[in-house]
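Trainee: I am new to this structure. Can we go through it step by step?

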Amino acid sequence: MFRSHTCGELRDEHIGTEVTLAGWVHRRRDHGELIFIDLRDRYGITQVVFDSLTAAAHKVAEEARSEYVLQVRGRVRPRPAEAVNPDLATGSVELEALEASVLNPARTTPLYISKEGGEDEALRLKYRYLDLRRERMQRNLILRHRMIKFMRDFLDREGFLEIETPILIKSTPEGARDYLVPARLHPGKFYALPQSPQQLKQLLMVAGYDKYFQIARCFRDEDQRADRQPEFTQLDMEMSFVDQEDVLQLIERLFIALCRAVVPHKTLSTPFPRLTYQEAIERYGSDKPDLRYDLELVRLDDLLGDTPFQVFRGALEQGGQVKGLRAPGCASYSRKQIDELAELARIGGARGLAWAALPADGGEVRSSFARNLAPGELQAIVERMGGQPGDLLLIVADQPAVVAAALDRLRRELASRLGLIDPNRLSFAWIVDFPMFEWNADEQRWDAVHHPFTAPRDEDLPLLDSDPGRARAKAYDIVLNGYEAGGGSIRIHRRDIQQKIFDLLGISRETAMAQFGHMLEAFEYGAPPHGGIAPGIDRLAMILADEHTIREVMAFPKTQQAVDLMTNAPSPVDERQLEELHIALRRPLLHSSTEPLCEAAGWGVT
């Protein structure tokens with residue numbers, strides 16, 4: 001038996017008992033006759049005292065260094081009153097070492113374990129097994145574990161079954177690129193890693209398993225961001241005989257209970273507000289707005305239809321918008337600060353940013369555009385935007401999508417600068433009534449906004465024939481603090497409607513049968529109405545843990561270039577493996593000047 005107790009377990013009631021601990025040397029303080037070692041495992045830290053009177057144990061402590069793995073047998077005793085550490089759960093006691101042994105020595109680690117060293121993230125990922133020893137990472141992974149356990153227990157009480165679906169599936173277009181897996185026994189054919197279990201969970205509904213969930217691993221070969229990884233985990237769910245309201249109420253109950261159990265120190269706003277997609281874009285410029293602060297966009301079109309200012313009038317004449325955002329208390333911004341905001345607007349696609357600073361003392365307004373307005377227009381803008389002395393008014397005139405993107409960036413930046421974001425507040429919201437389709441101008445066809453299995457709203461079914469762009473989907477996203485925390489929809493369960501959607505998306509009948517024939521056929525055998533959702537576990541854990549990237553809540557993540565620095569994956573494979581899989585690698589096309597080098601290397605030249 002290596003240990004009788006963990007390093008976070010000892011309390012006053014253990015005083016006088018002999019125990020055995022095993023763990024890592026967290027800190028070591030050598031005072032000659034006495035050596036103090038903080039021994040650490042994932043449960044906590046216990047201070048161990050090595051007295052020179054116990055010579056053999058003291059010698060082990062003399063030789064031990066940071067991250068050595070030790071086993072110590074000793075007697076629990078109270079700490080002196082002046083040495084009690086209230087920051088440690090074990091801080092009122094210490095272990096008097098009687099025997100000790102080194103289970104494994106350790107080299108000097110390339111990063112500090114006992115504190116955050118501020119080192120480059122690449123170093124942390126290369127030595128992730130060391131980084132995971134740190135308190136922060138252990139805290140994050142424990143929170144993630146508690147989240148998943150709570151979800152499982154909650155859904156079990158609600159009558160859901162956890163059912164595993166295959167990892168090797170058929171490649172079908174669902175938006176992102178698939179990761180392909182060659183099938184050795186079927187030369188020239190491939191499996192795909194699932195982007196989600198979407199089709200399989202719908203088929204489980206056809207099979208009669210009316211409440212399904214899975215902690216599902218999913219894979220998407222897409223460009224990475226701070227809140228994305230090539231492989232990720234979601235709470236995958238599907239239910240039969242439900243409408244949208246059933247799904248929303250269940251998930252809201254789940255998330256409220258989850259947050260109160262896992263992060264009880266955070267403030268949770270309930271009930272979750274509901275915004276239509278159009279309302280979210282109109283008021284916040286985003287379909288995942290951060291509702292912890294009140295900055296809202298203001299429409300100015302009707303005030304400026306006859307304005308002499310060509311920038312505003314030209315945008316409106318071309319079907320665009322003029323919208324503004326009030327920055328409270330920012331009238332004193334320097335020209336450099338305003339230029340920084342203008343650059344953010346340009347990153348969002350805007351060609352420029354109009355602004356007006358309302359002086360706090362009631363003096364003359366500073367503005368980039370006021371002199372070009374008709375009499376009374378500036379005052380009308382100030383009143384519409386609720387401008388107060390000391391405020392800075394920011395205005396963008398462009399096409400609706402550009403206006404939304406630019407003002408969304410400005411809104412988030414201003415909230416950060418003005419300290420409007422409460423890190424301990426959780427603001428969930430539902431976004432509903434998404435468009436069913438969006439027009440793909442490059443390929444001159446409609447694309448599904450969510451996925452091709454999403455059902456249209458019943459009242460919008462006729463629009464599939466007359467005006468698909470106006471059709472709304474039975475789709476819903478749950479957003480949290482400016483992030484999409486999950487998305488779902490009520491699904492199509494009738495073959496005729498599913499076939500119509502494939503037709504609208506430009507998927508030929510032959511292609512539809514080749515890729516989705518199993519779905520179409522299943523719908524003819526009594527498919528029930530059904531719907532579901534898939535909250536992202538990584539992203540939700542990131543938010544609840546107050547982190548800014550999902551890499552901080554994943555044990556072994558990859559870089560933004562989808563590289564595993566610890567194992568050096570992806571990596572080349574043996575030529576024999578490729579031969580077994582019937583795969584030949586294409587050499588890169590090279591300039592003719594490199595032909596001699598290629599021939600010398602034994603490469604053929606194309």
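Trainee: Which residue in the turn of the E22 and E23 hairpin has a positive phi?

Mentor: This is a predicted model. E22 and E23 form a hairpin, with two residues between them. The two strands pair in the antiparallel sense over six bridges. In the turn, the residue with a positive phi, about 50°, is Asn481.

Trainee: What is the bridge partner of Leu480 in E23?

Mentor: Leu480 is one of the residues of E22 that are buried. Strand E23 covers residues 483-490. The bridge partner of Leu480 there is Tyr483.

Trainee: Why is strand E22 called largely enclosed?

Mentor: Buried means under 20% relative accessible area. Ala475, Asp477 and Val479 point one way from E22, while Tyr476, Ile478 and Leu480 point the other way, and all are buried. E22 is largely enclosed by the rest of the structure because its buried residues number six of six.

Trainee: Which residue stands opposite Asp477 of E22?

Mentor: Look at strand E19, residues 428-432. Five bridges join E19 to E22, and the two run antiparallel. Opposite Asp477 in E22 stands Ile431.

Trainee: Which are the edge strands of the open sheet of five strands?

Mentor: The order in this sheet is E13-E14-E17-E15-E16, with antiparallel pairing. An edge strand here pairs on one side only. That gives E13 (297-299) and E16 (366-367).

Trainee: How many bridges pair E14 with E17?

Mentor: E14 spans residues 321-327 and E17 spans residues 392-398. Val322 has Ala397 in E17 as its bridge partner. The two strands pair in the antiparallel sense, and the number of bridges is seven.

Trainee: What angle does the direction of helix H8 make with that of E17?

Mentor: H8, residues 310-317, packs on the sheet. It touches E14, E15 (354-357) and E17. Its direction makes an angle with that of E17 of about 45°.

Trainee: Which helix lies across E13 and E14?

Mentor: Look for a helix over residues 277-284. It runs at about 95° to E13. The helix is H7.

Trainee: How many residues of helix H15 are buried?

Mentor: H15 covers residues 537-544 and is mostly covered. Its buried residues include Asp538, Arg539 and Met542.

Trainee: How many disulfides does the structure hold?

Mentor: A disulfide needs a pair of cysteine sulfur atoms within 2.5 Å. Cys259 counts as buried at 2% relative accessibility, and Cys330 does at 1%. The number of disulfides is zero.

How values were computed:
Residues numbered from 1 in each chain as written. Predicted model: local features only at pLDDT ≥ 70, side-chain atom pairs only at ≥ 80, totals over all residues. Heavy atoms only, no water. Buried < 20%, exposed > 50% of the residue type's maximum accessible area, 1.4 Å probe, protein only. Helix = DSSP H or I, 4+ residues; strand = E, 2+ residues; numbered from the N terminus. Pairing = 2+ DSSP bridges. Contact = heavy atoms within 4.5 Å. Axes fitted to C-alpha atoms, helices over the stretch in contact; angles between N-to-C directions.
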